[in-house]
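Please read the following briefing alongside the sequence and the coordinates.

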Amino acid sequence: MGSWEKEVAYEVVSMKRILCLVAFSFLAMLVFVPVAQAQDMMGQPPPKEWSVAIEDFYFEPANAAIESGDTITWVNEGNTPHTVTSDDGQFDSEVLKPGDSFSVTFTGAGTLTYHCEIHPSMRGSVSVGGGAAPMEQQQQQPVAPAGGGMGGY
């Protein structure tokens, strides 16, 4: 094989390698597209994560409005222990020491109220699903936490 033939053969091998790399890169982009972007393309907003501060002696914000599938994480930023306990018993964080947190993912629609068992005057609510109905009607609709938190809630 002459020098010219070796050079052509090398260029063919190099071109095949480049084409393979391009094809592999394209496939990798298809496989690793983030799920959130895929949901956006289907017209569904991705679930969001929200934070509620537990202060001494109130929740901030006290009333949260979220969409079904969203998660709220309560963080005890106060100096004393607190709990996050739903009034209907659907979830209970148990005692949260300063710095501890507790998360719940909400499904369905309606309004769920909660309190601190240690300090009953600390109260809050979570409205799930846009809140199109008046507060009294929403409270009659079920709101179900979907896992998260401690104790299997």
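Helices (H or I, at least four residues) and strands (E, at least two) are taken as DSSP runs and numbered from the N terminus. On that basis the chain contains 3 helices and 9 strands, which follow one another along the sequence in the pattern α-α-β-β-β-β-β-β-β-β-α-β. The model is a predicted one, in which local features need pLDDT of at least 70 and side-chain atom pairs count only at pLDDT 80 or more, while totals for chains, interfaces and linings use all residues. Residues are numbered from 1 along each chain as its sequence is written, and side-chain values use heavy atoms, with hydrogens and water left out.

**Burial, surface and contacts**

- Of the 153 residues in the chain, 26% are buried, where buried means under 20% relative accessible area, exposed means over 50%, and partly exposed lies in between (1.4 Å probe, protein chains only).
- The chain exposes about 9700 Å², of which carbon and sulfur atoms supply 61%; accessible areas come from the Shrake-Rupley method with a 1.4 Å probe, and for residues only the protein chains shown count as cover.
- Contact means heavy atoms within 4.5 Å, and among the contacts in the chain with a separation of 6 or more, 57% are between residues 24 or more positions apart.

**Nonpolar core**

- A nonpolar core is a set of buried Ala, Val, Leu, Ile, Met, Phe, Trp, Tyr and Cys residues joined through side-chain atoms within 4.5 Å.
- The largest such core has 19 residues, and those with the most contacts inside it are Phe 59, Trp 74, Val 84, Phe 91 and Phe 106.
- Two or more residues of this core come from each of β1 (49–55), β3 (63–66), β4 (71–76), β6, β7 (110–115) and β8 (123–128), with β6 giving the most, namely 3 residues.
- Not counting residues up to four places away in sequence, Phe 59 touches a set of residues that includes Val 52, Ile 54, Trp 74, Val 84, Tyr 114 and Met 122.

**Aromatic rings**

- Rings of Phe, Tyr and Trp (its six-membered ring) are paired if their centres lie within 6.5 Å, and planes under 30 degrees apart count as stacked, over 60 as edge-to-face and the rest as tilted.
- The structure holds 7 aromatic pairs, one of which joins Trp 74 and Phe 106 in an edge-to-face arrangement, 6.4 Å centre to centre with 70° between the planes.
- This pair links distant parts of the chain, since Trp 74 belongs to strand β4 and Phe 106 to strand β6, 32 residues apart.
- Trp 74 counts as buried because its relative accessibility is 0%, and Phe 106 likewise counts as buried at 0%.
- Ring pairs also link Phe 59, Trp 74, Phe 91, Phe 102, Phe 106 and Tyr 114 into a cluster.

- Two strands pair if DSSP finds at least two bridges between them, and an open sheet of 4 strands has the order β3-β8-β7-β5 with mixed pairing.
- β3 and β5 stand at the edges, each with a single partner strand, so one side of each is left without a neighbour in the sheet.
- β3 and β8 run parallel and are joined by 4 bridges, with Ile 66 standing opposite Val 128 in β8.
- β3 has a covered face formed by Ala 64 and Ile 66, and an uncovered one formed by Asn 63 and Ala 65.
- β5 and β7 run antiparallel and are joined by 2 bridges, and the bridge partner of Ser 86 in β7 is Tyr 114.
- Leu 112 lies in strand β7 and counts as buried because its relative accessibility is 3%.

- Asn 76, in strand β4, is buried with a relative accessible area of 2%, and a polar atom of the Asn 76 side chain lies 2.7 Å from the backbone oxygen of Leu 96.
- Among the residues that Asn 76 touches, not counting those up to four places away in sequence, are Ile 54, Pro 81, Leu 96 and Asp 100.
- Ser 93 is found in the loop between β5 (85–86) and β6 (101–108) and counts as buried at 0% relative accessibility.
- A polar atom of the Ser 93 side chain lies 2.8 Å from the backbone nitrogen of Val 84.

Methods:
A polar contact is a pair of N or O atoms within 3.5 Å; within protein, one must be able to donate a hydrogen and the other to accept it, and residues adjacent in sequence count only if both atoms are side-chain atoms.
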